[in-house]
Amino acid sequence: MEPITIRNLNFAYPGQEQLFTDCNLDLNSDWKLGLLGRNGRGKTTLMKILRGKVKYTGTVTSKLNFGYFPLAISEPTAFAGEALLATVNDPALEQWQIERELNLMGVDPALMWQPYETLSGGEQTKVQLATLFAQDGLFLLLDEPTNHLDQLGRQQVADYLTSKQRGFIITSHDQDFLDQVINHTLVIERYQLVLSHGNYSTYFQQKRRRDKEALATNQQLKSEIKALKKTRQQRQQWAQRAEGEKKNNSHADKGFIGAKAAKMMKKTVSTTNRLSQAITNREGLLKEVEEVDRLPLNLVASHHQTLLTVDQVILTINGEQLFEPLSFKVTAHDQVALVGPNGAGKSSLIHAIRNNFAGEYSGKITLANGIKVSYVRQDYTTNHGLLKEFSSEQHIAYDLLLNILRKLGMERSTFNVPIEQMSMGQQKKVELARSLATPAQLYIWDEPLNYLDTYNQQQLIQLIKDYQPPLLFVEHDKHFIDTVAQQQVQVKIFPRKDLVQTVWEMTI
């Protein structure tokens, strides 16, 4: 067991509000610690601080050797095994050790013999995790490993992490996953850090109880504040009437009236000051409670009944068929989920619909004539620059973009930060806000929940219930799919040539 000791930690990005102010923490390397909090609260930043990647004030004391997920793959065109070994640059690590970890995870080690860039997002996650756990002496910081994992993949990784005796720090927005793998939580709330024993559900139950108590306290305080403000206003009106009486009584004893007005004014000023202080004190006691706003959608009506038709479509890459022939429709009020394992070709189908699929396809994809489509992409690294410039490039209203981002919980101080310098969660909100603000008749979203916290996920659910937009989406969160999808289209992997045999053929 090695401690992680944090004392008087202060950190803020240039031009932004403080993320951490005089924070003190004592963490234990034996813990399987869930690092939780809304997007932009500093989860990834805290991991950077632990790794010494950003400058801060205060002290962080630890003898641990930190490893970080995701890895920055240096040679993505190489076979996965070669790419991973080149990235970690650990002379003691050998490929068989990574394959051993993949076996423990229940994943086919043959993935190591595919070009890394051809692996699906979920497959890349699994081989990266196996590589990190294959290295001795690392304390792992796992930043959103559930992104891109299908339901089977999430369970495989959950079982794998549960079986490990080593501690780690992990961020994820999948509650079921966290409940299985963590035994402590560190939550970055708006004004405090909350460290507790237990899993996500334990924390959430405690927070719900705290929020309920806070709401009751706030209601009482707001009633008191309202009464105090009313009394203060009355006192001020009395003083104004006394002063008016002095001015308007030209034949009366002005000395008497003036003395009376001065006495009333002095008393009123004293009383008003006391009332103002009482109001300030009570406002300072108001508790923080997370509020979730409803999101707008720039949905445009269409006279078409059927907006998208996929008829007996087959996709192939390098001669390999991805999935069995696929047919479905999206009509004016349909919410359709593409469901299937990682690597089945769901995102590839979306690329084909967008007419930017790198492989070949047969069958027919038909978009209704003239309809406007709004996408949420998995890869949105092309979003860059300031939000004002970005809104102009995307032909969307700047005020609407900012309004949506604010409702998604983004701090106003972030609005002047270039998109590429934002956290991954903030960048995802920009991508989502762009889609919501774009006038459209059909929405196509590829894993919209990645990097979004549970509050944002609930906002999207409510948005879909409110507007019932025509929507085709890919997602691996079972709760989201079951809640919003009117139709689930199963994407079944086409039986492919055995990868091990392929590698054998390449070597003879």
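**View 1. Pro-3 stands opposite Asn-28 of β2 in a predicted model.** Strand β1 (residues 3-11) pairs with β2 in the antiparallel sense over six bridges; two strands count as paired if DSSP finds at least two bridges between them. Helices (H or I, at least four residues) and strands (E, at least two) are DSSP runs, numbered from the N terminus. Residues are numbered from 1 along each chain as its sequence is written. Local features need pLDDT of at least 70 and side-chain atom pairs count only at pLDDT 80 or more, whereas totals for chains, interfaces and linings use all residues; side-chain values use heavy atoms, leaving out hydrogens and water.

**View 2. An open sheet of three strands runs in the order β2-β1-β4, with antiparallel pairing.** β2 (20-28) and β4 (57-61) stand at the edges with a single partner strand each, so one side of each lacks a neighbour in the sheet. Neighbouring strands are turned by 10° against each other on average, direction ignored. Helix α1 (residues 43-50) packs on this sheet and touches β1, β2 and β4, contact meaning heavy atoms within 4.5 Å. The direction of α1 makes about 115° with that of β1. Axes are lines fitted to C-alpha atoms, for helices over the stretch in contact, and angles run from 0 to 180 degrees between N-to-C directions.

**View 3. Glu-101 and Lys-164 meet through their side chains in a salt bridge of 2.8 Å, N to O.** A salt bridge requires a side-chain nitrogen of Lys or Arg within 4 Å of a carboxyl oxygen of Asp or Glu; the whole structure has nine. Glu-101 belongs to helix α3 (residues 95-105) and Lys-164 to the loop between α5 (151-163) and β7 (168-171), so the pair ties together parts 63 residues apart in sequence. Both residues are buried, that is, under 20% relative accessible area, with exposed meaning over 50% and partly exposed in between (1.4 Å probe, protein chains only). Arg-100, Glu-101 and Lys-164 are linked in a network of salt bridges.

**View 4. A salt bridge joins the side chains of Glu-431 and Arg-377 at 2.9 Å, N to O.** Glu-431 lies in helix α12 (residues 424-437), and Arg-377 in the loop between β15 (373-376) and α10 (387-394). The two residues are 54 residues apart and link distant parts of the chain. Glu-431 and Arg-377 are both buried.

**View 5. Asp-482 forms a salt bridge with Lys-478, with the closest N and O atoms 2.8 Å apart.** These residues are four apart in helix α14 (residues 478-484) and therefore separated by about one helical turn. Asp-482 is partly exposed, at 44% relative accessibility.
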